[in-house]
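Please look through the sequence and the model below before reading on.

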Amino acid sequence: MDLRHLRYFLCVAEEMHFGRAAARLGISQPPLSQQIRALEEELGVRLFDRTSRRVRLTEAGRLFEPEARQTLAQAERAAETARRAQRGEVGRLGLGFTASGPFVAPIARALYRFRQSHPKVELILQEQPRDEQIENVRTGQLDIGIVRDFQRPVLPPQMTAQCLLRENVVLALRADHPLAQRPAPPGIADLAEEPLVIYGAPNGAGFTEHFFALCQQAGFAPRVAHEARSFATLLGLVAAGFGPTVIARSMARLQVDNVVYRSFTTPVMTSLWLIGNDVLSPTAEAFLALLTAERDREVSAPAGGHWLQA
C-alpha cells in the first residue's frame, strides 16, 4: 500500500463514480480501477460494491475511509515538518554566548527577531566562557557560539570562525578617578601604577591575556587587585574604588553609579566571533542569516552609559 492508493480510494469514495474520480485525478478509468483492485487485494477486503448502475462503500470501506484520511493527513504533516525543519523553522537551536553578547545591539536584535519569526524552534541559550563554548560546539551540545577574542580563536579542524564585528575596548573607572578627570584620553601606559580589577579566568580567556600583552608592550606588568567572575561584580568593584578595569565598548550600556568610561588614546580593538562546525544546522543557518542582516544594518554610535568623550 502506498499513499497514492489511499488518495485514489478517497477520491472514488467522494465521487461514488469511477469515471468522475478518474477525471478528477487526471487519469483514465481502467488504471484507477486496477489500483483500487490492487488495494483491495492487499487489504484482503472489498472496499466498494460495484454494479453497472452505482458504486457504494462496503462496511469495510466505510470504516476504512476515516482511517485513510487520517493517514494521509499525518503523512502531509510529517512532510511539512520535514520541510520546515529544512528551512530552520522547527527544531532546536543551542546558542552559546559570551557575557557581553546580549549587550551588542545586532545580537540582541537578531535574538528578538529569531524568537518572533521562529516560534516553533526551541531556543537554548547558554552563557559560557570561550573554551567551554568551543568544546560544546565541537561535541554538538551547542549548534553555534559567540565568543570574544582579539584574534581568530584556535579551533578544532572541523570548526570555523566568522568575525561578526569589531569594537573598541574602553577603560571603566570611578568618576572621581584622576584619569576620569584628566582632559586628555588615557593610554595603556597610564595604567602602570594602577591596581586593576579584571574579569577572571576562565570567563576572561582571550580578552584578559591580550590586554596583559598590551601592558607588557607598554613596558609594565599589570597589577591585579581583584578578579571578578561576573560583569556585575566587575563594575561594582570599580564603583567601590578597587581600581579601573577594561571592557568592550558594548558593555558600557551597563549604567552603574559613579562609573564612567573613557576611550584609549590609541584605539584597542576586540572582536566577536561566531563559531560553529563546518556544516551548520538549518536553525543555526536561519539565525546566522538574521544576525548577519542585523550586523550589516548597524551604524557606528556610542554604546550608551556614562561616556566621557576624549
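The largest nonpolar core of this predicted model has 22 residues, and those with the most contacts inside it are Ile-144, Ile-146, Phe-287 and Leu-291. A nonpolar core here is a set of buried Ala, Val, Leu, Ile, Met, Phe, Trp, Tyr and Cys residues joined through side-chain atoms within 4.5 Å, where buried means under 20% relative accessible area, exposed over 50% and partly exposed in between, with a 1.4 Å probe and protein chains only. Two or more residues come to this core from each of β3 (91-97), α5 (105-117), β5 (144-149), β6 (159-174), β11 (269-277) and α10 (282-297), these elements being DSSP runs numbered from the N terminus, with helices (H or I) of at least four residues and strands (E) of at least two. Helix α10 gives the most, with 6 residues.

Phe-287, leaving aside neighbours within four places in sequence, is in contact with Leu-93, Leu-95, Ala-110, Leu-111, Phe-114 and Ile-144, contact meaning heavy atoms within 4.5 Å. A second, separate core has 20 residues, among them Val-12, Ala-22, Leu-47 and Ala-68.

Two further residues can be followed one at a time. Thr-208 is placed in helix α8 (residues 207-217) and counts as buried because its relative accessibility is 11%. A polar atom of the Thr-208 side chain lies 3.1 Å from the backbone oxygen of Tyr-199, and, not counting residues up to four places away in sequence, Thr-208 touches Ile-198 and Tyr-199.

His-177, in turn, lies in the loop between β6 and α7 (178-181), and with a relative accessible area of 13% His-177 is buried. Not counting residues up to four places away in sequence, His-177 touches Glu-194 and Pro-244.

For the chain as a whole, the secondary structure comes to 10 helices and 12 strands, and buried residues make up 45% of the 310 residues. The C-alpha trace spans about 105 × 35 × 30 Å along its principal axes. Among contacts between residues at least 6 apart in sequence, 74% join residues at least 24 apart.

Residues are numbered from 1 along each chain as its sequence is written, and side-chain values use heavy atoms, with hydrogens and water left out. In this predicted model local features need pLDDT of at least 70 and side-chain atom pairs count only at pLDDT 80 or more, whereas totals for chains, interfaces and linings use all residues.

How values were computed. A polar contact is a pair of N or O atoms within 3.5 Å; within protein, one must be able to donate a hydrogen and the other to accept it, and residues adjacent in sequence count only if both atoms are side-chain atoms.
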